[in-house]
Amino acid sequence: MSHPPPSGPPADEQPPSPYEPPRDQSPYAPPPAGQPPYAPQPDQPAFELPSERSPYGPPADEPSPYGQQQGPHQSGHWTQQPAYPPQGPYAQYGPPPSGPGRGTNVLAILSLVFAFVFPPAGAVLGHLAKRQIRTSGEEGDQLATWGLILGYVFTGITVLACCGWLALVAFANTGDNGSY
């Protein structure tokens with residue numbers, strides 16, 4: 001009985017490693033001296049456009065469904081779109097430009113702050129802010145109004161709490177004289 005001859009490389013030669021470049025000529029090797037680096041290699045064809053008609057363009061024998069006539073200067077593949085009109089200057093974002101009489105009244109802001117910190121001062125500053133806003137035309141009328149309202153409400157709550165505490169102290173001291 002005879003055996004077929006072994007296939008593959010001879011026994012004394014190792015098979016090539018898939019992780020190493022081929023031993024003959026690497027496609028990644030630098031080009032020979034005197035040859036430009038990106039010139040087509042003699043064994044590689046240069047890039048050529050396909051000679052077939054694009055499957056994405058309109059058929060040659062049918063008119064275009066979009067009303068565009070194909071003349072001799074248009075190839076049917078991609079035609080240049082009309083240019084967009086020039087765009088004007090961009091709009092600016094942010095607060096509107098402030099002129100004379102614009103801006104929020106400082107006393108209106110302080111009125112609202114002091115309504116929580118020291119309510120009587122919030123009420124007084126609210127009145128002053130409303131008078132200034134009427135004469136100067138500044139913004140902040142609602143802030144001054146809320147400063148007035150909260151200033152009076154918190155002042156009233158504070159006065160009631162103080163009166164209640166004084167009544168409780170007075171009632172506690174009117175009991176018997178400490179004798180049983």
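Asp-141 counts as partly exposed because its relative accessibility is 38%; here buried means under 20% relative accessible area, exposed over 50%, and partly exposed in between, with a 1.4 Å probe and protein chains only. Its partner is Lys-130: the two form a salt bridge, with their closest N and O atoms 2.8 Å apart. A salt bridge here is a side-chain nitrogen of Lys or Arg within 4 Å of a carboxyl oxygen of Asp or Glu. Side chains of opposite charge can pair when their charged atoms come close. Lys-130 also counts as partly exposed, because its relative accessibility is 21%. The structure holds 1 salt bridge, and the pair links distant parts of the chain, with Lys-130 in helix H2 and Asp-141 in helix H3, 11 residues apart.

A word on what you're looking at: this is a predicted model, where local features need pLDDT of at least 70 and side-chain atom pairs count only at pLDDT 80 or more, while totals for chains, interfaces and linings use all residues. Residues are numbered from 1 along each chain as its sequence is written, and side-chain values use heavy atoms, with hydrogens and water left out.

Now the overall layout. The protein has 3 helices and 0 strands, and its elements run α-α-α from the N terminus on. Helices (H or I, at least four residues) and strands (E, at least two) are DSSP runs, numbered from the N terminus. Of the 180 residues, 12% count as buried. Take the contacts between residues at least 6 apart in sequence, and 55% of them join residues at least 24 apart; contact means heavy atoms within 4.5 Å.

How do the helices pack? Two packed helices are described by the angle between their axes and the distance between the axes. Axes are lines fitted to C-alpha atoms, for helices over the stretch in contact, and angles run from 0 to 180 degrees between N-to-C directions.

| Helix pair | Axis distance | Crossing angle |
|---|---|---|
| H1 and H2 | 7 Å | about 165° |
| H2 and H3 | within 7 Å | roughly 155° |
| H1 and H3 | within 8 Å | roughly 20° |

Angles under 35 degrees count as roughly parallel, over 145 as roughly antiparallel, 65 to 115 as roughly perpendicular and the rest as oblique.

Start with H1 and H2. Their axes are 7 Å apart, at an angle of about 165°, and that makes H1 roughly antiparallel to H2. The crossing of this pair is left-handed, a label used if the near helix is turned anticlockwise from the far one by less than a right angle, with right-handed used if clockwise. On the H1 side the contact includes Leu-107, Leu-110, Phe-114 and Val-117, and these belong to a set that meets H2 residues including Ala-121, Leu-125, Leu-128 and Gln-132. By class, this contact has 12 nonpolar, 4 polar and no charged residues. For the classes, Ala, Val, Leu, Ile, Met, Phe, Trp, Tyr, Cys and Pro count as nonpolar, Asp, Glu, Lys and Arg as charged, and the others, Gly among them, as polar.

Next come H2 (residues 119-136) and H3 (residues 141-173), crossing at roughly 155°. H2 and H3 are therefore roughly antiparallel to each other, and H2 passes H3 in a left-handed crossing. Contributors from H2 include Pro-120, Ala-123, His-127 and Lys-130, while those from H3 include Asp-141, Thr-145, Tyr-152 and Thr-155. The class count for this contact is 9 nonpolar, 7 polar and 2 charged residues.

That leaves H1 (residues 106-117) against H3, where the axes cross at roughly 20°. H1 and H3 are therefore roughly parallel to each other, with a left-handed crossing. Ile-109, Leu-112 and Phe-116 are among the H1 residues in the contact, and Leu-143, Trp-146, Leu-150 and Phe-154 are among those of H3. This contact has 11 nonpolar, 3 polar and no charged residues.

Two more residues are worth a look. Val-113 is found in helix H1 and counts as partly exposed, because its relative accessibility is 44%. Val-113 and Leu-143 are 30 residues apart in sequence, with 9.7 Å between them in space, C-alpha to C-alpha. Thr-145 sits in helix H3 and counts as partly exposed, because its relative accessibility is 27%. The C-alpha atoms of Thr-145 and Ser-111 are separated by 8.8 Å, and the two residues are 34 apart along the chain.
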